[in-house]
Every structure is written in C-alpha cells, then in structure tokens.
Amino acid sequence: MMIRYVNSNNRYVDFYASNLRATEGNFHIRKWKVENDEVLKDRVSYTVTLTLRGTLEERQKKLDEICEIFETDVANKKHGKMYYGDYYLECYVISSNAHISSTLVSRSDVELEIYSCKDYWIKDNVFSFAGANIEPTPQTANNKVYPYTYSYNYGKSVGNEKFTLEVLKDSEFKMIVYGQVNNPQITINNHLYNVDVSLYSDEYLVIESESKKIYKVLNDGTQVNSFDKRNFESYIFEPIKKGVNTVNWSGGFSFDLTVYEERSEPRWQ
C-alpha cells in the first residue's frame, strides 16, 4: 500500500521508502462536535513522525527536499494531497520538527503536523462510458494528478448502463463530456444533466458539482465558461445517489464520471 504526500506541483514524499519511513502516527482519527444538540463534523490534524537513514549529508539533503515540497503549498496557498492507499486528504503540512533520532545517531526524525483542508478523506470512483463506435477515452486528467484511477468501461449496451456506488451517502461528482456532440444530455436515475453547448471532436465539457462550475475546454486548452448554458429546469449539480445508478444517453458521444466518496477516515488497507 502506498502512503505519499503529493504537493501542488506534483512533487511527492513517500512515507515508506528505502531510506525514509513513517515510524509513528496514524490517519484513522475522526472527530465530531455537538452544538445545540446538533452533531457536526470537526476538522482534525494528524501527527506523523518520519525517520530518515543515511549519512549526515544525505539526511540533510533529504530534509531540505522535504521542506521545499511542503513549503511550496503553504507559500502558494495551494493545498497538497496526503494519500493513504485509495484515499486522499486535501491538506497542508503546517509544522515540522527535525532532530537526531533518540534511538540511533545515524538516523534523523522529523515530526510533522498535517492539517486537513476539508472534513473528509476522498476516494475517486471513475466510470467511463463509450458511445457507439467510439474508443473509450483514457483517464489522462486523473493520471496527471492521482496515483490511482478506477476506470470501468461500459459499452455492451450503448446508451443504457448501470453502475453501483458502495458509499455512505450521496456524492459530489465531476463529469467530462467529449465531443463531437451538440446539446449533450445524460440521465442518471431519471435526473437530467444537460448543457446546451456544441463540442468539436477535440473539445470537452466539464461539470463540477462541488465548485458549481461548468466550462468547455477548447483544443488549445482555453476554458470557456458555460454556466449559463445549463438546463435551468433540471438541477445540473444534483449529487449522485448511493447504490445502483441507471444511466441513459444517446450513445453518440463518450463521457467520464468521477464520483467522490467521502469518509471521516480512510478504509483500512
């Protein structure tokens, strides 16, 4: 299982490497608070100790590298991601304390405090739907950022498919619709997701439910705000239901659906 911090520039620190190892701390901590008889989610910080091996020069070089990776996010005010197997936490490393290990002078310990930007660990469940005579689209956007993608290709019965979400609650999502298509319409559990745009074969449309963003990406990478092109009679940001979901679309285009599973703590792996 991989445990890794990835910063906003995609530089990373492996917490289980040949000369670096997490020796104390854990991520299975959850906290709720009660206000006026209402139970609310509370954010937590995680404390982890990394132990480095090697010569003093090697350890100093590694500590400098680690500092730069963590400080990049704080300096740029862009969170990093802490991965625990399939799950990740949007976070900052807000403090560190490096010193010679109390067990061996040939090792160094660095104590980290990791602050969660959100209340939940997240797992990306990615489902790919290919239209008639259209090759499934690779998950290129996810491969750039996430160590894991879980891609399911459905195409046996174009335009009418099902997928199952084994999650605790209805979930936020990101939908990417690939051209060529005019006025794409997708129905999930009889709920319509529709944006009245035209896409060429090298363009795509992105719908992000949590940020409430809708935009078209042109072949040169330019983003065009398409929020006002949404169907006003059917809520475009309706969360995806837990359990079995039925999907219907014309079959004349392909799309990817990323559903974000949220948990107070990651599943044990």
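How much space lies in the second largest pocket? About 240 Å³. Before the details, some ground rules.

This is a predicted model, where local features need pLDDT of at least 70, side-chain atom pairs count only at pLDDT 80 or more, and totals for chains, interfaces and linings use all residues. Residues are numbered from 1 along each chain as its sequence is written, and side-chain values use heavy atoms, with hydrogens and water left out.

Now the pocket. On a 1 Å grid over the protein atoms alone, a pocket is an open set of points where a 1.4 Å probe fits, with protein on both sides within 12 Å along at least five of seven lines. Lining residues have an atom within 4 Å of a point. The volume is the space filled by probe spheres set on the points, which are joined across faces, edges and corners.

Here, 16 residues form the lining. T23, T51, T103, R107 and D109 lie nearest the centre. By class, two lining residues are nonpolar, nine polar and five charged. Asp, Glu, Lys and Arg count as charged; Ala, Val, Leu, Ile, Met, Phe, Trp, Tyr, Cys and Pro as nonpolar; the others, Gly among them, as polar.

Which strand gives the largest share of that lining? Strand 3, with four residues. Strands are DSSP runs of E, at least two residues, numbered from the N terminus. Strand 3 (20-24), strand 6 (45-53) and strand 9 (107-116) each supply at least two lining residues.

Next, the cores. A nonpolar core is a set of buried Ala, Val, Leu, Ile, Met, Phe, Trp, Tyr and Cys residues joined through side-chain atoms within 4.5 Å. Buried means under 20% relative accessible area (1.4 Å probe, protein chains only). The largest core has 27 residues. M175, V177, I186, I207 and F255 have the most contacts inside it. Apart from this core lies another, of 25 residues, including I3, F15, L20 and I114.

Take I186. Leaving aside neighbours within four places in sequence, its contacts (heavy atoms within 4.5 Å) include M175, V177, H191, L192 and F255.

Then S234. S234 sits in the loop between strand 20 (223-225) and strand 21. Is S234 buried or exposed? S234 counts as buried because its relative accessibility is 12%. A polar atom of its side chain lies 2.7 Å from the backbone oxygen of L192.

Last, I214, in strand 19 (residues 213-217). I214 is buried, at 2% relative accessible area. I214 and I176 are 38 residues apart in sequence, and 10.0 Å apart in space, C-alpha to C-alpha.

Methods: Buried means under 20% relative accessible area, exposed over 50%, partly exposed in between (1.4 Å probe, protein chains only). A polar contact is a pair of N or O atoms within 3.5 Å; within protein, one must be able to donate a hydrogen and the other to accept it, and residues adjacent in sequence count only if both atoms are side-chain atoms.
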